[in-house]
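Please examine the sequence and the structure shown below.

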Amino acid sequence: MTASAAFAMTAAEIAAAVGGTLVPTATSASIADVAVNGIAPLDRATGRDLSFLATSKYAGIFEHSGAGIVLMTADLAASPGQCVTRVIVANPHDALLSLIPRFYRAPVRTAGVHASAVVDSTATIGRDVRIEAHAVIGANVTIGDGVWIGAGCVIDDDVRLGSDVRLFPQVTLYGGTHVGDRVVLHSGVRIGSDGFGFVFRNGAHEKIPHVGRCIIGNDVEIGANCTIDRGSIDDTVIGDGTKIDNLVHIGHNVRIGKLCLLMAQVGIAGSSRIEDGVIFAGQSGMSGHVTVGAGARIAARAGVISDVPAGETWFGFPARPHREALRAAAAAMKLPALMKRLEKLLAKESL
Amino acid sequence: MTASAAFAMTAAEIAAAVGGTLVPTATSASIADVAVNGIAPLDRATGRDLSFLATSKYAGIFEHSGAGIVLMTADLAASPGQCVTRVIVANPHDALLSLIPRFYRAPVRTAGVHASAVVDSTATIGRDVRIEAHAVIGANVTIGDGVWIGAGCVIDDDVRLGSDVRLFPQVTLYGGTHVGDRVVLHSGVRIGSDGFGFVFRNGAHEKIPHVGRCIIGNDVEIGANCTIDRGSIDDTVIGDGTKIDNLVHIGHNVRIGKLCLLMAQVGIAGSSRIEDGVIFAGQSGMSGHVTVGAGARIAARAGVISDVPAGETWFGFPARPHREALRAAAAAMKLPALMKRLEKLLAKESL
Amino acid sequence: MTASAAFAMTAAEIAAAVGGTLVPTATSASIADVAVNGIAPLDRATGRDLSFLATSKYAGIFEHSGAGIVLMTADLAASPGQCVTRVIVANPHDALLSLIPRFYRAPVRTAGVHASAVVDSTATIGRDVRIEAHAVIGANVTIGDGVWIGAGCVIDDDVRLGSDVRLFPQVTLYGGTHVGDRVVLHSGVRIGSDGFGFVFRNGAHEKIPHVGRCIIGNDVEIGANCTIDRGSIDDTVIGDGTKIDNLVHIGHNVRIGKLCLLMAQVGIAGSSRIEDGVIFAGQSGMSGHVTVGAGARIAARAGVISDVPAGETWFGFPARPHREALRAAAAAMKLPALMKRLEKLLAKESL
């Protein structure tokens, strides 16, 4: 991400964009016209940067900040500091996040195939495709328009990539994987590896060959070093618009719906079903052959081992409805204090 | 995995192979002779594919499936559908899995060293070895016959690979690692990295050099993006026939026996011992310097912190025998309902 | 790690270095002069190796070991065995670990840029830098003196590496990452990937561009396949001397202090603060926007969801002070046995 040199916003434009107001003392034309072309935290912002102050904890840093414009809450508006161009808004951090896309554009690089890339002669490559150094493209691969393949990626035979896909360096796509349009795969993602399927026979774990595929929908983003296995017979499917954080594992034959969020280190065991709009928080997991209904939320570190109804929030391990699990946890913490008294009572009652 | 064009099985051969029966109405010679040469799920099967129907949930998809032959349960045998060549069997899914190895063979590619691979002149390479693009082979490496090294793999000095080993793309083997015969290492596996060993001295965490090795037995398979550390003085050892799923971590000096199964995201801390035939389910873990006895099973998300006797199933954290842990969990869920009544009673008894 | 051929230590020197004593029967000059130049476990030690015996469990292996010198405890000093040069010390294993740095030196390889590496013409490369095969160095990258970049690493634009940094093969540094001096990054580490930040708008998860950086301090070591996200606006920072084990995830905007230890598979959610000297044991985690105070210890598999005071040890999920959590766990295990008696009592009391 780099700031586009030509772009800039004035304090007045920023205030309008975030529904904020310039501080009363800053309403003169000269202040409303102050312009910035970048975003930075207070401690390294320059006069050409927009920054934010959301809590008095950082008032000391604000005081000496060289920021050109600062988004801040009303109660901090009078904080001492060099920066006099201040925009008052209820939530400065959210306001700043909402402005980032105006200041920054995804970097654009020239299309072309690097001389060190190895591209099979049977591959079909779209227009405006960039293939970086040491990438390897196998037989019968199809790559859509506007795709950017990072250095060292390995795309095995029969893979299909839609248009405007971005692969960061060192992604591996096993043979036969399908990837939709506008998908982003971060560095170290492995898609289409064999699922963990073995049958114990003749004194050994005999491998079940995996002949299903792995199908990634449109607008999916997958974080660094994630692993997604291919299906055994059926396919593994990730629905449109689903976003996956780093180090997530998805087993064979899993079907994930649209617009789900899976946070870091989540693990989904084979043949699970996750319907649309489900959220799995960090380090949670799910055993195989069960279903999480649409819009359900699975709390951090929870472990799902049975079907979760649509729209519910589940918690703990084995995962249960949130309220029930919290009550049990609270009771468990109170238990030690009761224990001695209970034992005394039971003894007295000869029970 | 691709279907071998020349291979095909008839409905009669399939029925014999899985101990099933052709449906009564399909016993005419013409139907018994229907042949397929691939396997696919109902929704994308063609007349040359075998598929399966195991539950009435998918009867609608079966109705319009173009599959050539379908394995199905007796109670579904009369389901309406285009496909009239039906083989009745108790468990259609298992029957299908058992047939996959007949239809599919691991892909065979030509041996040879790609021009872009960098192979040290002191390496010893066996017969029929394939080394793909951009792989790097260090000094004094020994590679057995029939080995296939994927694109971008890095094999550092003094590594020994047995015969018929398969490395998927971008595997890293640190110097001195030993790998047995017929081992499969999926993309992104790192073997032989330094263990996590530091001594706090002079105000810093001083690194203990790791001079042990990492030794992988025969017929081991290791999933994508796993990490296995080398030993500090002693070796880290993975026994013959053990299979490891994706994103598993194995610490320094760990010794894992034969024929174990470690599922996704398992973590084994340093200097642990795991005897033969142990199963660790997904996201479980084990602290250092303890032993899990032969044939024991560790449940999903369990955390072992003490020795587990052979043959037992342990559950929860800290892990305990399965039945004991389940009873405690059940009691904990009942506790909130009892709590108020208990407190009332204790108050009444002045306890 | 390889033994330096010229180096050797005599039994007398070893005894002095570890504060041990040669066994009484071995005080003759000839025995004190026995020298070794390597370290190995008993079962593969030769006459030129130092080994150790810490428990009678391995006395049988000791008996037939060909080790030149063995460190052992006083109670095992008379164990039968070929090796007569024995050094008695309270903790033979620790003594051996302390000697490893004398015997082994990190391997030294010649500086230079491999012909297959792709280095942008705008990169600034220090003295005595080694860049191995197929590495890719982007525009405006700065690399300090004595840096060793392993095969297949990808270093994107505007990255800054200090001096004496070691990157094992296939590390990816996203654009703008800063790495201090003497940092060690193991194979498959990904630093500076986009954080998991989305806003749900117009029926889709809209990505928040990440314009912060990732800053790694001096003397940091990061294990294989770890992922560390860049900041959204602010930076993600790892403090000097902190060591991180394999498969750890660190979210955007996280600030980790100096001299922390994060063990394998730990996950730190976005915008968390970890002060100096904190330890996170294996598979533990921390949710976003909370703080763990200096010197605190988080137990294995614990999940922190609220601030942890400095110096405390917390345990379980949700994490609580160690003693409190242990008492609750112990009470929970006793509960099932009490449950029936309690229910009987409550029924009797009509409560």
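In the largest nonpolar core, which has 237 residues, A:Ile298, B:Ile298 and C:Ile298 touch the most other members. Such a core is a set of buried Ala, Val, Leu, Ile, Met, Phe, Trp, Tyr and Cys residues joined through C-beta atoms within 7 Å; a residue is buried if 20 or more other C-beta atoms, placed from the backbone, lie within 10 Å of its own. This is a predicted model, in which local features need pLDDT of at least 70, side-chain atom pairs count only at pLDDT 80 or more, and totals for chains, interfaces and linings use all residues. Residues are numbered from 1 along each chain as its sequence is written, and chains are lettered from A in the order in which they are written.

**Core**
- Leaving aside residues up to four places away in sequence, C:Ile298 touches C:Ile279, C:Phe280, C:Ala281, C:Ser284, C:Val292, C:Val304, C:Trp314 and C:Ala319.

**Domains**
- Chain A is divided into domain 1 (2–105) and domain 2 (112–323), with bounds from an automatic or database domain assignment.
- The centres of these two domains of chain A, taken over C-alpha atoms, are separated by 39 Å.

**Contacts between chains**
- In chain B, 45 residues are in contact (C-beta atoms, placed from the backbone, within 7 Å) with 43 residues of chain A.
- H5(B) gives the most to this side of chain B, with seven residues.

Key
Buried ≥ 20, exposed ≤ 12 C-beta atoms within 10 Å, placed from the backbone. Contact = placed C-beta atoms within 7 Å. Helix = DSSP H or I, 4+ residues; strand = E, 2+ residues; numbered from the N terminus.
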